[in-house]
Amino acid sequence: MQIKSYLRTYSFRSAILIFLAFGLTLIAVRLSIYAQSLRTAYGDLVLVVTAHAEELGENIERYGPAYTNNLVNAILRDAGDPNLYIGLRSPAGLTGNFPQIEKFTTLEQGWREIVVSNDNNDKPLSLYVHCSSYPDGSRLLVGYDMGYINEIKQALPRSLFENLELAMAISIVLSLLMIWLLNRHVRKFNIVFEKVSSGQLDYRMKARSEIDQFDRLAINLDGMLDWLTTMLEMSRELGNTLAHDLRTPLSRHRLELCAIADSKDLPITLKEKLESSIAKLDELVAMLQNILTISLAESRNTAQLFDEINLSDIVESITSLYEPIAEDKNIDLQTSFPAEAIRITGDRQLLGQAIGNLVDNAIKYTPEGGAVQLELRRHRGGVALEVSDNGPGVPQDMLDKIKQRFIRADSSRHIPGFGIGLSLVEAVAKLHHGSLSVENTPTGFRATLQFGLIKWH
Amino acid sequence: MRILLIEDDKDHARFILAGLKESGHNPDHAADGREGLFLATEEKYDVMIVDRMLPKLDGLSIIQALRTAGNRTPVLILSSLGRVEERIKGLRFGADDYLAKPFEFGELLARIEALARRGNTPQAEQTCLAAGELELNLLTRVVKRADRVIDLQNREFQLLEFLMRRQGQVVTRTMLLEGVWDFHFIPNTNLIDAQISKLRQKIDKGFAYPMIKTVKGSGYRLSAD
C-alpha cells in the first residue's frame, strides 16, 4: 500500500521524467558517437587502401608486371601492417599476401566487403577490398582487415545501455533536489493556509519581489485573503447592524406592552394576554440571540477571544444549574469526572451554552423517574463529554438531520427549542476544533462532544 | 440617586426616564454622545446609563474619555449589540455592567442600584455575613438561622452569599446567573426560579417568616423582615 502510494507521488513521477530525459539523451549521444567513429574508421581504411592501390596502379601501367610484383612485396614489407592485404595477378604470375587470391581475381572493379578463411589462422577474415583491373590483364586487390570496424559495431548494443543505473540514481537525486526546492516554496503557502483556516485571518505571505510565478502566487493569495477578510468583516458588521436594527424596535415594542400591562385599571384577563404576548416576544428575541450566537461561533475570528478555561468547572456549573429542575421531574442527574481538572483553550460562555443545551434537551426528553448522565473523560489525547438520557431517542432517519438549523425531530414538535439548539452545539464544537455526534442507545439517546486539547497561539 | 441617561432613541429614553422618576430617582438625559460627555464631565452622578450607538460620539468613546480623565462613576452600557464579544469589549473599555436590549425595566433598575451601592461602599473583607436571624460564616462555611444549622450544597451556599451581600436590594435572575455561575447567557429563566425555590425550602421553610421574597417583574430580594 505504501509503495503504491509512493508511485503516485510527485517526486516519483518527476524522478521518472528526469530519468527518461537523461537516459534518452545518453543513448542519443552514444548513437551519434558511434556513427562518427564508424565513419572515421571507414574513412581511414579507404584512405590507406586507395593510396596503395593508386601507387601500384601507376607502376603497373608505367613499368610492367615484373617490376610491380617486386613492388608489392616491398610495400608489404615496408608498411609492416598486418592488416593490409595486397594481391596482384599479372602476366608475370601471382604475388602478395592476399589469402586465396585465385578465388577473387574475377571480382568486378570497385569496393566490396568479403569474408575469406585465412591460411595461417582458423578465424575467417573480413576484409574491405578495392579491386581494379588493367589493360594488360592484370588485376589488383588491395584489402584491409575490418576487425576494428567490426569491434565498433559489436560494441554498440552493449555500450548503448551501459551505466543506465547511474543515470537512474542521478535522476532520483536530482528529482529529490527539485522537490526539496519546490517544497520550500509550497511549505510557506501551506503555513499561511493552515494559519488562516485556524482563525488567524491576518496571516499573510508578504511577498516582496515579483520574480517568478511563486511570487505572483503569493501576491495573489494575499490579495484574495485581504478581500475575503474585508467581506467577512462586512458581513459581521451587517449581522450586528441587523441585530441592532431588529432589537431596537423589538425593545420599543416590549416597553410599550409593559407600560400597558402596568396600568392599574386593566382587566385581569387582558393583563394575562399581554403577559403571554410579552413572553412570546421574549422567545423571539431569544431565537434572534441564538442565531447571532451561532454566527458568532461559526466565524472563527471568535477564537481570538479564547482563554484557557476549566472544562470540568463548566460541566459542574451546568449540572448544578440544572439539578433543581431535574429534581422537580424526579430525574437522577449523574456526573462523572476525571480526578484532575481538564483545561482547554476556549470560550466559557459558548461552551456553557452548548453543554447547557445538551443537558436541557436530555432533561426535556427523559420521562419522570429517568436518569441523565454526564461523563467527562480523556479520550484519544483529547476530551469527550457524553450526555446520555433514557428518553425515547430520535427516529433513525432523523439522526443526521437534527443537527441542521431549524430542523426538529417530528415526534418532538410539541417541545420548543430543539431546532436551533443542536446546531448551536455543533457550531461551538467546531469552533473548538471538536465535533458533535448523536446516536440512539439501547436505553435512550446520547450526544457526544469531542475536543482536542488545543492550545491557541 | 442622580442618574445620567445617554440614549438617542426617544421611546426608550421616555420610558426609562419615567421609570426612574417613578422609582424615586433623579435622572438627566442626553440625546447624543457629545452632550452626554459634557454632562458627565460637568455634573456629579451616582451612576450612568450609556447606549453604544449614538450620534456624534459613540458610547465606548465616552466611557474611555471619562476613565482616562479619572472619572470613576459606575457605568452601565445599555445596547442592542448583545453578543458575548460585544459585552467583553464594553467591559474592557471601562464599563461596569452591560445590559442588552430588549430588557426588563426591573432588570435595569436592579442593576443600576447595585452599581451605585458598589460604588459607595467598598466591600470590606468580611468573614461573617448576617441578615437578621440568618448568619453565614465564610470561613467555616456554616449557615445558621435562629441558631439552627442549615445544611447547604456548594452552589446553594454561593447563591445565599450573593443574596446576603445584597440584602434589601433586588437581585435579578440574570444577575444571579452571572454572579454565581459566571454565565452571561440566559439558558432558561426557570432554572433560577427552581434554584431559589430549593434554597427557600432550606432557609425559609419552618421558620417564622420568609426571608427570600419574589419581586414581581424583577427578581428576588433577601431581607431580614
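S251(A) lies in helix α7 of chain A, which spans residues 213–262. The model is predicted.

Q: Is S251(A) buried or exposed?
A: Buried means under 20% relative accessible area. S251(A) has a relative accessibility of 1%. That value is why S251(A) counts as buried.

Q: Which residues does S251(A) contact, leaving aside its neighbours within four places in sequence?
A: S251(A) sits in helix α7 of chain A. Its contacts, with those neighbours left out, are residues of chain B. They are H12(B), K101(B), P102(B) and F103(B).

Q: Which peptide bond is cis, with omega near -5°?
A: The bond involves P102(B), a residue in contact with S251(A). P102(B) lies in the loop between β5 (97–100) and α5 (105–120) of chain B. The cis bond runs from K101(B) to P102(B).

Q: How many residues does each chain bring to the contact?
A: Chain A and chain B bury about 3,500 Å² between them. Carbon and sulfur atoms carry 58% of that area. The residue counts are 36 from chain A and 35 from chain B.

Q: Which residues of chain A lose the most area to chain B?
A: The two chains together bury about 3,500 Å². On the chain A side, three residues make up 20% of what that side buries. They are L255(A), L321(A) and Q349(A).

Q: Which helix gives the largest share of the side of chain A that touches chain B?
A: Across the interface there are 18 residue pairs in polar contact. On the chain A side, α7, α8 (268–298), α9 (311–328) and α10 (348–365) each supply at least two residues. The largest share is 13 residues, and it comes from α9(A).

Q: How many charged residues are on the side of chain A that touches chain B?
A: Between chain A and chain B there are 18 residue pairs in polar contact. By class, the chain A side has 13 nonpolar and 11 polar residues. The charged residues number 12.

Q: How many salt bridges are there between chain A and chain B?
A: Over all chains, the structure holds 33 salt bridges. One that joins the two chains pairs R155(B) with E316(A), at 2.8 Å from N to O. The count between chain A and chain B is 8.

Q: How far apart are the closest N and O atoms of E323(A) and K198(B)?
A: The pair crosses between chains, from helix α9 of chain A to helix α8 (residues 190–203) of chain B. E323(A) is partly exposed, at 25% relative accessible area, whereas K198(B) is buried, at 14%. The two form a salt bridge, with the closest N and O atoms at 4.0 Å.

Q: Which residues are linked with E323(A) in a network of salt bridges?
A: E323(A) forms a salt bridge with K198(B). The network draws on both chains. The residues linked with E323(A) are E327(A), E156(B), K198(B) and K202(B).

Q: How many residues apart in sequence are the parts tied together by D204(B) and R145(B)?
A: The two form a salt bridge, with the closest N and O atoms 2.9 Å apart. D204(B) is in the loop between α8 and β11 (212–215) of chain B, while R145(B) is in strand β8 (residues 143–145), so the pair ties together separate parts of the sequence. D204(B) is buried, at 10%, and R145(B) is buried, at 0%. The separation is 59 residues.

Q: Is N330(A) buried or exposed?
A: N330(A) lies in the loop between α9 and β7 (332–336) of chain A. Its phi is positive, about 60°, although it is not a glycine. At 53% relative accessibility, N330(A) counts as exposed.

Q: Where in chain A does pLDDT stay under 50?
A: Chain A averages a pLDDT of 82, and 90% of the residues score at least 70. Where pLDDT is low, the predicted coordinates should not be read in detail. The model has 24 contacts beyond four places in sequence for the stretch in question, residues 407–418.

Notes
Residues numbered from 1 in each chain as written. Chains lettered and ligands numbered in written order. Predicted model: local features only at pLDDT ≥ 70, side-chain atom pairs only at ≥ 80, totals over all residues. Heavy atoms only, no water. Helix = DSSP H or I, 4+ residues; strand = E, 2+ residues; numbered from the N terminus. Buried < 20%, exposed > 50% of the residue type's maximum accessible area, 1.4 Å probe, protein only. Contact = heavy atoms within 4.5 Å. Buried area = accessible area lost by both parts, 1.4 Å probe. Salt bridge = Lys/Arg side-chain N within 4 Å of Asp/Glu carboxyl O. Polar contact = N/O pair within 3.5 Å; in protein donor to acceptor, adjacent residues only side chain to side chain. Nonpolar A, V, L, I, M, F, W, Y, C, P; charged D, E, K, R; others polar. pLDDT = per-residue confidence, 0-100.
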